[in-house]
Amino acid sequence: RTRAYGKNGLIAYFGNEPDTKAGIDDLNRLVDHTCEAMDLAASRDFDMALCVCNFGIGHPKPENGYLPAWMNPILLKLAEHHNRHVYGLHVYLPMDIREHLKALEKSCERLKIPMPRCVITEWGFDNDNTNDLNGFKSRGISAENFAEWCIDVCNDDFRDWLKTGNLLGIC
């Protein structure tokens, strides 16, 4: 379903869970750095693809159903390089696993750009700071039941995004 991108068909993982609670100066540096990296990776000298952002669940926190405005330059740059770079994110239960994708979709609609192609680079169960449970084993879920859950999530929660190609895959 996907074709090879960049040199040797590889996509470089660029950034992992950047701090979106930082001050605006740091966020602007993150945005500039990410946009410059996308341009550089797409240049003739490098000819490679990036999986950018890779935000942790709940980051950045959607505001009224949209991603914060400081994200707009990254979304616009992803639209400019739509067939090359992808948007990475992490989704974990018990937090809302669709909230970020919905906010991303609405933000792109407001900017009148296509939704970037996305890859969920981490997913599963995590600690939501309400208890000490972390992962599926601490919740008493077997590996077989966890695998069934993974399939159900793809078939139910992510089906529409997978069908449209906006969600390329889940790692």
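Helices (H or I, at least four residues) and strands (E, at least two) are DSSP runs, numbered from the N terminus. The model is predicted: local features need pLDDT of at least 70, side-chain atom pairs count only at pLDDT 80 or more, and totals for chains, interfaces and linings use all residues. Residues are numbered from 1 along each chain as its sequence is written, and side-chain values use heavy atoms, with hydrogens and water left out.

**View A. Lys112, a residue with positive phi in a loop.** The loop between helix 3 (99–111) and strand 4 (118–125) contains Lys112. Although Lys112 is not a glycine, its phi is positive, about 60°.

**View B. Asn54, a residue with positive phi in a strand.** Asn54 lies in strand 2. Its phi is about 50°, and Asn54 is not a glycine. Asn54 is buried (under 20% relative accessible area), at 0%. Most residues other than glycine have a negative phi.

**View C. The cis peptide bond between His59 and Pro60.** His59 and Pro60 are joined by a cis peptide bond with omega of about -20°. Pro60 belongs to the loop between strand 2 (49–55) and helix 2 (72–80). Most peptide bonds are trans.

**View D. The largest nonpolar core.** Such a core is a set of buried Ala, Val, Leu, Ile, Met, Phe, Trp, Tyr and Cys residues joined through side-chain atoms within 4.5 Å. The largest one has 38 residues, of which Met71, Tyr87 and Phe158 touch the most other members. Elements that each supply at least two residues of this core include strand 3 (86–93) and helix 4 (143–156). Helix 1 provides the largest share, six residues.

How values were computed: Buried < 20%, exposed > 50% of the residue type's maximum accessible area, 1.4 Å probe, protein only.
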